[in-house]
Amino acid sequence: MTTILITGGCGFIGSNYARYVSRHHPEYKMIVLDKLTYAGNPENISDLKNNPNFSFIKGDICDEKLITEIVPKVDYIVNFAAETHVDRSISEPDAFIKTDIFGTHNILEAVRNSSNVKRFLQISTDEVYGSILEGSFREDDPLEPSSPYSASKAGADLMCLAYWTTYKTPILITRSSNNYGPYQYPEKVIPLFVTNLIENKQVPLYGDGLNVRDWLYVEDNCVGIDLILHEGKLGEIYNIGAGEEVTNLELTHLLLEMLDKPKSMIRPVEDRKGHDRRYSVDCSKLRSLGWKPLADFKESIKQTVAWYQANRAWWEPLKSGEFKEYYKKQYRQMV
Ligand code: NAD
Ligand code: DAU
């Protein structure tokens, strides 16, 4: 029986991918390992808990003993576990270095020492390339990360590539653009803005609002990840993006329109420090494996908005407690 270990499977993309695996590989034994940080929520995979092939371990990828015990029992590993929010990395970088670099290294060591693991897929990000005003980055372009978050992800990528070169540890890397969809923690721009607007609160738009992001529906990312896990070439990097580039201002206007709110709900605030202007990745390498994004941007944003409207019980508790404290600090820094 094939066993897959999904680390960070209680977060946004990891939980969507765990659900994808249960649908597309029902015969796989699936282990979700997650530390359950503020961003990890067991609710995100509550529908999987009665599946006899599914098990959950509350644990930290930095825990050497735990990782050394589990890794030799699995065939595939997909590592989503990370600290992921750029703004938090700017105010408190430590956890990013620990989880994103050291945690990944911990898994690499365990994979290197196990002959059972066939493929270890590291989930990285388009942010490792840095900002690009024109054109798109290819997989062999140099890395120029701007934030402590993207620098820690770049560090993990380089460790994976070094393990491939040095030990032939069977790694693969995906670098995707901004994801959106259900179960995204409401600190990220789309769920933050949608839930604020549902609550009739203003939305804090950074700087001039002209920074560009390429929006990828999470389901399309899951299809790409699964294809790369099974058919990608070991030691290789694959970009994943939808080519749906919009400015934050355009995105905000779209959300206002969908939720029938006036432009006065936009609150211009101080820009993010080191704010990357534009991300863009060339995905021809993945497309040559037969992948293409299937989601229609406007339609999928509409479905995403509808999901947050229908699932207040999921996000309302997340916007109290720790989140409120975090936001109080953030707003103090804003003009
Ligand atoms: P998320 O913040 O929603 O979830 C991260 C998950 O990792 C949480 O469940 C958290 O509890 C878990 N985690 C954190 N530290 C851990 C540790 N030390 N040990 C075990 N579990 C730990 O993140 P996401 O948005 O789903 O991102 C998942 C991955 O995809 C990350 O590696 C991120 O860098 C990458 N990525 C995200 C996006 C995006 O738009 N969200 C785009 C490109 C790449
Ligand atoms: O590009 C992939 C990356 O996308 C992932 O690697 C990261 O984990 C993920 O968090 C995301 O990073 P971004 O910084 O692009 O996402 P975020 O949702 O934080 O911000 C998107 C854009 O919106 C960015 O230009 C900043 C802006 N923004 C964000 C917030 C939270 C605002 O204008 N106001 C806000 O309140």
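This is a predicted model: local features need pLDDT of at least 70, side-chain atom pairs count only at pLDDT 80 or more; totals for chains, interfaces and linings use all residues.
An N or O atom in the side chain of T84 is 2.7 Å from an oxygen atom of ligand 1, and for the side chain of Y149 the corresponding distance is 2.6 Å. The protein covers 97% of the 830 Å² of accessible area that ligand 1 has on its own, with areas taken from the Shrake-Rupley method with a 1.4 Å probe.

The shell around ligand 1 holds 28 residues, of which I13, D34, T84, Y149 and K153 come nearest; a residue is included if one of its heavy atoms lies within 4 Å of the ligand. By class, this shell has 11 nonpolar, 13 polar and 4 charged residues; Asp, Glu, Lys and Arg count as charged, Ala, Val, Leu, Ile, Met, Phe, Trp, Tyr, Cys and Pro as nonpolar, and the others, Gly among them, as polar. At least two residues of the shell come from each of α1 (12–24), β5 (119–125), α5 (148–167) and β7 (178–180). Strand β5 gives the most, with 3 residues. Helices (H or I, at least four residues) and strands (E, at least two) are DSSP runs, numbered from the N terminus.

Ligand 2 is surrounded by 25 residues, and the closest are D126, Y149, P204, R272 and H275. A backbone N or O atom of T84 lies 2.8 Å from an oxygen atom of ligand 2. The side chain of T125 places an N or O atom 2.7 Å from an oxygen atom of ligand 2, and a polar backbone atom of V189 is 2.8 Å from an oxygen atom of this ligand. Taken alone, ligand 2 exposes 690 Å², and the protein buries 95% of that. Elements that give two or more residues to the shell around ligand 2 are α3 (86–91), α6 (189–198) and β8 (203–206).

The shell around ligand 2 comprises 9 nonpolar, 9 polar and 7 charged residues. Domain 1 (3–179 + 215–240) and domain 2 (184–213 + 246–274 + 296–331) each supply at least three residues to this shell, the domain bounds coming from an automatic or database domain assignment.

Residues are numbered from 1 along each chain as its sequence is written, while chains are lettered from A and ligands numbered from 1 in the order in which they are written. Local features need pLDDT of at least 70 and side-chain atom pairs count only at pLDDT 80 or more, whereas totals for chains, interfaces and linings use all residues; side-chain values use heavy atoms, with hydrogens and water left out.

Technical notes: A polar contact is a pair of N or O atoms within 3.5 Å; within protein, one must be able to donate a hydrogen and the other to accept it, and residues adjacent in sequence count only if both atoms are side-chain atoms.
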